[in-house]
Amino acid sequence: MMIRKIAFFAAAMALLSAGAYLLLRKTLVFERLSPAPFNSVSGSFDNFFTVEMEKAGLDRAKISCLEQSLKKKISFARLGPRDSYAVYFSTAGEFRYLEIYKSADIYSSFYSGGKCISKKSREAFETETFSVSGEIKDNLWASMSSKKIPPSVILEYTDIFSWTVDFLTEVRDKDKFSIFYEERKTKSGKTLGYRISAASYEGSQTGRNIAVEFNGAYYDEKGKGAKSFFLRAPLNYRRISSYFTYKRYHPVLKYVRPHLGIDYAAPAGTPVSAVADGRISFAGNKGGYGKFLEISHAMGYVTTYGHLSKFSSKARAGRKVSQGDVIGYVGATGIATGPHLDFRVKQNGKFLNYLKIKNKSSMDLPSKYKKEFSEKVSRYFPNI
Ligand SMILES: [Zn+2]
């Protein structure tokens, strides 16, 4: 009887961990590309600690466990884009430990049996710099991978330009790219993180785009901030890459303009992101649009997303959303011949051509740094 009970208990635990694995798989698919023997999610502190940990796939209980344990050792308010982290999971998808890299310090927090134990250590690390340039052949991912650019650097690159270039639809053969990045690693050769210091993309559809890092933010060659009010597209390269990597191919998506909006052809289930901060003003069924979502933004802008297969869990009327949040998934609900996203933008009730909207940058370089900045720009791009 006892043995049977134990066997039953073991089977139940196996089922539970399989369930946890399935939940985590979604956030981990991209990591399968990397050669690490366990799954890890890494990033830099572009957002608050809790937001970054949530993005990495940790639940509230684990995040607060980490916070409680780390708060005596580290000031969360002082973590910024120059500091990075890696969250490690067992191959079965269970959270194991977190590492935070700040200057020469490494803060580790181990999770076991609902408890977190943290320590601070110092490990000398070295920085190696790389400069890579090339031409597009087929798609961005293949072209950059063939130059040995690490996957996380490619995704970081698409994030930096996500307000100006849609790498899913606007990439063409013979477009040119360049990246200058550094790799931080321990003396024993373990990679702690990557940081892009400058990058460019010059394409037939996109024109020339330049980004140079300065004090933790990116600016174009004139000091105009890289971030702006609207993302270039509601389909995000990083999120879609994870989706496709799992299926082992990389997409070149297409868009058509059969009406006052843009139709992005994309496989059903592709995540759809809010293009700007705002509040969801409608989420439900709407005739031929099928599952339809509308977001109201500042300055009288409204964006709409139609034919969704489903909404994300946080997408409910009345809720606030941030730029880049996943609000739903591509589908073919309503009147649609195949899966696609029907995307439109209005301002004060009038439809606009989204790709022609002049996107004002949200934070430009303070003028006192102009001279220092332009020296940095000409070091990376002497011909500009
Ligand atoms: Zn349409």
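**Stop one: the cores**

Start by selecting Ala211, Leu235 and Leu293: among the 60 residues of the largest nonpolar core, these touch the most other members. A nonpolar core here is a set of buried Ala, Val, Leu, Ile, Met, Phe, Trp, Tyr and Cys residues joined through C-beta atoms within 7 Å. Buried means 20 or more other C-beta atoms within 10 Å of a residue's own, exposed means 12 or fewer, and partly exposed is in between, with C-beta atoms placed from the backbone. This core takes at least three residues from each of domain 2 (126-228 + 361-380) and domain 3 (237-356), with the domain bounds coming from an automatic or database domain assignment.

Before moving on, a word on what you are looking at. This is a predicted model, where local features need pLDDT of at least 70 and side-chain atom pairs count only at pLDDT 80 or more, while totals for chains, interfaces and linings use all residues. Residues are numbered from 1 along each chain as its sequence is written.

Now zoom in on Ala211. Which residues is Ala211 in contact with, leaving aside its neighbours within four places in sequence? They are Ile160, Phe161, Ala198, Ala199, Tyr218, Asp220 and Ala226; contact means C-beta atoms, placed from the backbone, within 7 Å.

Switch to cartoon view: the protein has seven helices and 21 strands. Helices (H or I, at least four residues) and strands (E, at least two) are DSSP runs, numbered from the N terminus.

Find the open sheet of five strands, ordered 1-2-3-4-5 with antiparallel pairing; two strands pair if DSSP finds at least two bridges between them. At its edges are strand 1 (39-44) and strand 5 (115-122), each pairing on one side only. From one strand to the next, the twist averages 15°.

Next, select residues 84-89 and 95-102, which are strand 2 and strand 3: they run antiparallel and are joined by six bridges. Ser84, for one, has Tyr101 in strand 3 as its bridge partner.

**Stop three: two hairpins**

Select residues 176-186 and 191-203. These are strand 7 and strand 8, antiparallel and joined by ten bridges. Phe180 has Ala198 as its bridge partner in strand 8. Four residues sit between the strands of this hairpin, where Gly189 takes a positive phi near 100°.

Follow strand 8 onward: a hairpin of three residues joins it to strand 9. Strand 9 (residues 207-214) runs antiparallel to strand 8, with six bridges between them. Look for Glu202, whose bridge partner in strand 9 is Arg208.

Most residues other than glycine have a negative phi. Pick Asp138, which has a positive phi of about 75° without being a glycine. Asp138 sits in the loop between strand 6 (125-135) and helix 4 (140-145). Is Asp138 buried or exposed? Exposed, with 12 other C-beta atoms within 10 Å.

Finally, go to Asn348, another non-glycine with a positive phi, near 50°. Asn348 lies in the loop between strand 20 (340-347) and strand 21 (350-351), and Asn348 is exposed, with 9 other C-beta atoms within 10 Å.

Technical notes. Two residues are in contact if their C-beta atoms, placed from the backbone, lie within 7 Å. Axes are lines fitted to C-alpha atoms, for helices over the stretch in contact, and angles run from 0 to 180 degrees between N-to-C directions.
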